[in-house]
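Colleague: I'm new to this one and would like a close look at a single part. Could you take me through the inside of it, starting with any enclosed space?

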Amino acid sequence: MDKYECTACGYIYDPAVGDPANGFPAGTRFEDLPDTWVCPQCGVPKDLFVKLG
Amino acid sequence: MKVLIVGNGLAGTLAAKTIRELDDGAEIEIFGEERYPYYPRPNLIEYLAGRLPYDKLFAFPEGWTERQQIGVRLSETISRIRPAERKIETQAGGVRFYDVLLLATGARAALPPVEGIHGPGVFALRTIVDANELIGHLGTHKRVAVLGGGLLGLEAARAIRAREKEVVVVEYFDRLLPRQLDPAAAAILKAQLEKDGIALRLGAVVREILGVGGVQGLRLASGERIEADTVVVAAGIVPEVALAREAGLAVGRGVVVDDQMRTSAPGVFAAGDVCEHRGRIHGFIPAAFEQARTAAYNMAGQEKPYAGTVPLSTLKVAGLFVTSVGEIDAEGEGTEALVRSLPEAGLYKKIVLREGRLVGGIWMGTKRGAAELGRLVAVSKHVGALKKDLLEDDFDLGEIL
C-alpha cells in the first residue's frame, strides 16, 4: 500500500497507521479515503497529496 | 492568457496548479527568489531535527512542474512591477508582460529590536538556507535560545532538542502560544515541555544579544542574563511587500486584497503570507491554500469569493496533541466558554460559543474530535442544548456536523 505526502505541509499518510482519530483505522488505503477527507495536520484536501516512492 | 506568479512558495505553486486545472492553454510562469524548487515549509522542522533527509524536503516528484507545463525560474528576483503596462522586470534585466499577475512573495522572519540581532550565531528559520546554516552552526555549538514561544518557536525548540542540544524558549508574553491558548491550557503545555527538557522563560523581554564575533548570552530587560551560544529567532513574520509598495499598490501591513484576492491594481492579485484580507495577515497554511485557490479562479476569469479563513493550528509537542481554532476566549455580549480540564492527564477541552454558535475552541491532549471541532467552528455551528456534551470523551462531534 502506498504512502502519500501532503504537498502543503509535508504530512505523510501511512496506510499502515491510517488516521484513527478521524475514524479511518490502520490499513485504510489512501485511495479509499473519502473525497471529503483532509490533511489532519493542515486541513488541505486530498488532491494536494502525492504518492511517495 | 499569460499568467505570471512572483513567489515559489505554497500560494504561488498552488495557484499555478489550480490555474492549469482550469485553463489548459494558459501560459504560466513562476519566479522564485530561492534557488530551490517548491518545498512545504513545515518540512524544515523535521529536517532541522535530523529526521528528514535533504532530498525528501520537496514533496512534489521531480519533473512535476514540467509535466503541468508550468514554467519555473529559480534564483530570479523581480525588481519592479509596472501594473499600468502589465509588465514585470527582473533583477537580471529581463522583462515579461502578463495578462494577470499574482504576488505570492510570502513573508520574512521578523527581527525584534534587540541589540546584536544581526550578529553571527543568530538564525531565522524560514528557508532551506536558514536551516542549513543553523544545522552547520549546531555542529559546534550546544546552547540554544529560541526567541519566541509561538508555534514556530516551540516546533524549532523540539527539533533542536532532538539533536541533543540545550534549549531555552524565551517568550515576551506571560504564556506560551499566546494567540492559540488561554492561560490554563498554556500552563498544561508548559508543564509538558519542561518534562521534556525544554527550559522556558515567560514574560521575558530580550534587550540584547551579548557577545563579540559570536553569541555568548542574552540580556533581559530585568537585567538577568541567559547563557547561550546560538539564537534562533521565531518572533513572527513580516510580509514581503516591497514590490507592491514601490508600484504604488495599497499596502497595510500586507498587500491589501478584496474578497476576490484583487489588489488595488487591475490585473494584479495577491495570496498567501504577503496579503492582508479584511485587515488580517493570516500567515498559516489553510489560509494560503484557500487564498491561492480563490486567486486562481478569479485570475482564470471565474468568480469565486473568499471570506477569510478561521484560524486553526494543530501541533504535537512533547507528545501532546494541541488544536486551537477560532476565538479562544469568551469576549463580548452573548459569548460563553465551557471547559473540561484534567491537567494531570494533559487534557484540556474548551469551546467558545456566541449566541449558541461555536466560534472557537481549544482541544488539548487528544486528537479525537479536533478536526470536527475545526469544521464546526468554520460553519459557526449552532449547538444549543448539546453544548456540555461536546466536551465529553465519548461524544462523537462528527454526528452534529
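This is a predicted model: local features need pLDDT of at least 70, side-chain atom pairs count only at pLDDT 80 or more; totals for chains, interfaces and linings use all residues.

Modeller: Searching the whole structure turns up 1 cavity of 30 Å³ or more. Who lines the largest cavity? Chain A supplies A:Thr7 and A:Leu48, while chain B brings B:Leu10, B:Thr13, B:Leu14, B:Tyr38 and B:Phe60.

Now for a spot elsewhere in the chain A sequence. A:Asn22 sits in the loop that runs between strand E2 (12–13) and strand E3 (49–51) of chain A. Its relative accessible area is 19%, and buried means under 20%, so A:Asn22 counts as buried. What does A:Asn22 have around it? Leaving aside residues up to four places away in sequence, A:Asn22 touches A:Pro40, B:Ala371 and B:Glu372. The side chain of A:Asn22 also makes a polar contact of 3.0 Å with the side chain of A:Asp19.

Over in chain B, have a look at helix H8, residues 285–299. From first C-alpha to last, its 15 residues reach 21 Å, close to the 21 Å expected at 1.5 Å a residue. Of those 15 residues, 13 are buried, so H8(B) is largely enclosed by the rest of the structure. Just after H8(B) comes B:Gly301, with a positive phi of about 90°.

Key:
Residues are numbered from 1 along each chain as its sequence is written. Chains are lettered from A and ligands numbered from 1 in the order in which they are written. Side-chain values use heavy atoms; hydrogens and water are left out. On a 1 Å grid over the protein atoms alone, a cavity is a set of points where a 1.4 Å probe fits but cannot get out, and a pocket is an open set with protein on both sides within 12 Å along at least five of seven lines; lining residues have an atom within 4 Å of a point. Grid points are joined across faces, edges and corners, and a volume is the space filled by probe spheres set on the points. Helices (H or I, at least four residues) and strands (E, at least two) are DSSP runs, numbered from the N terminus. Buried means under 20% relative accessible area, exposed over 50%, partly exposed in between (1.4 Å probe, protein chains only). A polar contact is a pair of N or O atoms within 3.5 Å; within protein, one must be able to donate a hydrogen and the other to accept it, and residues adjacent in sequence count only if both atoms are side-chain atoms. Contact means heavy atoms within 4.5 Å. The expected span of a helix is 1.5 Å times one less than its number of residues.
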